[in-house]
Amino acid sequence: MLSVNDPAHGFCRDCLTRQSKAARRCERCGSPRLAAHPELYALSLAHIDCDAFYAAVEKRDNPELADKPVIIGGGKRGVVSTACYIARINGVRSAMPMFKALEACPHAVVIKPDMEKYARVGREVRQMMQALTPLVQPISIDEAFLDLAGTERLHGMPPALVLARFARQVEKEIGITVSVGLSYCKFLAKVASDLNKPRGFSVIGEAEALSFLADKPVTMIWGVGKAFAAVLERDGVRSIGQLQRMERAELMRRYGTMGDRLYHLARGEDDRAVDVDREAKSVSAETTFNEDLSSAADLVPILRALSEKVSSRLKKSGIAGRTVVLKLKTKDFKLRTRNRQLADPTRLADRIFATGRELLSRETDGTLYRLIGIGVSDLTDDARADPPDLVDRQADKRAKAEGAIDILRGKFGRAAVETGYTFGKGRNAHPPEAVDD
Ligand code: TTP
Ligand code: MG
Ligand code: MG
């Protein structure tokens, strides 16, 4: 066998030349960015995530920002959406309150999010992914799983090289950078893409999975958030290695189905397939207030504005949702979600709002809230959405009126038609941010 096919000798991520021996620098271009791993050419499941996504897009569009710390986020009481890697060196993190971020990094340039622009760039990246394989499962605006099994003939090169070429192409054509994780399962591909950001390329093979995971914290496991990690901590479990030494029955007795999941994932056992149809699981919009709010009088108009936002996104994408989900975050950061299933999927602001308002009416008990969100899940295409309401003729009338408003807005822009409830929405809230799960 020719040594250039030895995966341990790998290839150069800059010029894509295969290396004939193990080296620190590329034999052809001298770059130190080499990929090498015993399973390099055997693995085909990838997770790709853009680096500091919103900030990277803003830097691309304004070269003056290149060497400056940049924070993308809302108003005074808002939180950080993301920060560029320069700002991160100073301690700025996603979800950090803006005032704290500016304490840590006073010279940062703060930019309000431009969701439409980021969605557009996200779609461009996604389209480039779909040129590599039909098996692309988007997870959020800036990341997706790709299954490249069986594509070697098509591309004339193994998945690892296809992915490195893809990263290079995104930099050249879109002007932002991505990190790639390559493995044999979703769990570890996702973990890998996070290992050496930004411009990362990490491989986790089957042979090393157990030992790789052993000293990692339980929070690395998908679905183990802060709350569950605290439960495990109380039971003395911190590392994945500890989970590896526990019996499956014992884990299930203690933690139910989550215990079963812990048992398998701790061993790097994850047989979930890349699922193209599970694209967006919900469409929602939420906003954090400048000051905490408790009354229906304050919350309802904001809910209306958010419902319109969700509705307009559903209409744009030609989808509808059957379950309406209301989300509230209390002053002390406790999350409340309430949901209701409708008889038929909807894409109408009026139905989303009416359902949301009903759910909200039981939560306006004096509690102070810092955030409200509304969304729909159980997504379908909109063919079966919003059949005429034979019982509630008023609702049917409103649905027809909404159709007319959409047409006017399409012609003359959003500002042309404001419904009564959305007046004054700017008083307390930041512009709603759209979220896809
Ligand atoms: P992430 O991929 O989690 O983060 P990132 O791309 O900014 O940085 P990294 O290099 O670590 O991947 O999220 C993608 C975008 O989603 C991010 O640019 C902004 C947005 N976002 C929020 O608005 N709030 C949040 O709390 C997080 C985590 C992300
Ligand atoms: Mg990212
Ligand atoms: Mg991401």
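Predicted model: local features only at pLDDT ≥ 70, side-chain atom pairs only at ≥ 80, totals over all residues.
Which of the 15 residues around ligand 1 come nearest? They are F53, Y54, S81, T82 and S94.

Residues are numbered from 1 along each chain as its sequence is written, and chains are lettered from A and ligands numbered from 1 in the order in which they are written.

**View 1. The shell around ligand 1.** A residue counts as near the ligand if its C-beta atom, placed from the backbone, lies within 6 Å of it. The shell holds seven nonpolar, three polar and five charged residues. Here Ala, Val, Leu, Ile, Met, Phe, Trp, Tyr, Cys and Pro are nonpolar, Asp, Glu, Lys and Arg are charged, and the others, Gly among them, are polar. At least two shell residues are supplied by each of β3 (45–50), α1 (53–61) and β5 (80–83). Helices (H or I, at least four residues) and strands (E, at least two) are DSSP runs, numbered from the N terminus.

View 2. An open sheet of mixed pairing is formed by three strands in the order β5-β4-β6. Its edge strands, β5 and β6 (109–111), each pair on one side only. On average, and with direction ignored, neighbouring strands of this sheet are turned by 25° against each other. Two strands pair if DSSP finds at least two bridges between them; β4 (residues 70–73) and β6 are parallel partners over three bridges. I72 has I111 in β6 as its bridge partner. Helix α1 lies across β4, β5 and β6 and runs at about 120° to β4. Axes are lines fitted to C-alpha atoms, for helices over the stretch in contact, and angles run from 0 to 180 degrees between N-to-C directions.

View 3. E143 is located in strand β8 (residues 143–147). Is this residue buried or exposed? E143 is buried, because 21 other C-beta atoms lie within 10 Å. The cut-offs are 20 or more such atoms for buried, 12 or fewer for exposed, and partly exposed in between, with C-beta atoms placed from the backbone. Leaving aside residues up to four places away in sequence, E143 touches H47, I48, D49 and C50, where contact requires C-beta atoms, placed from the backbone, within 7 Å.

Note on methods
Contact = placed C-beta atoms within 7 Å.
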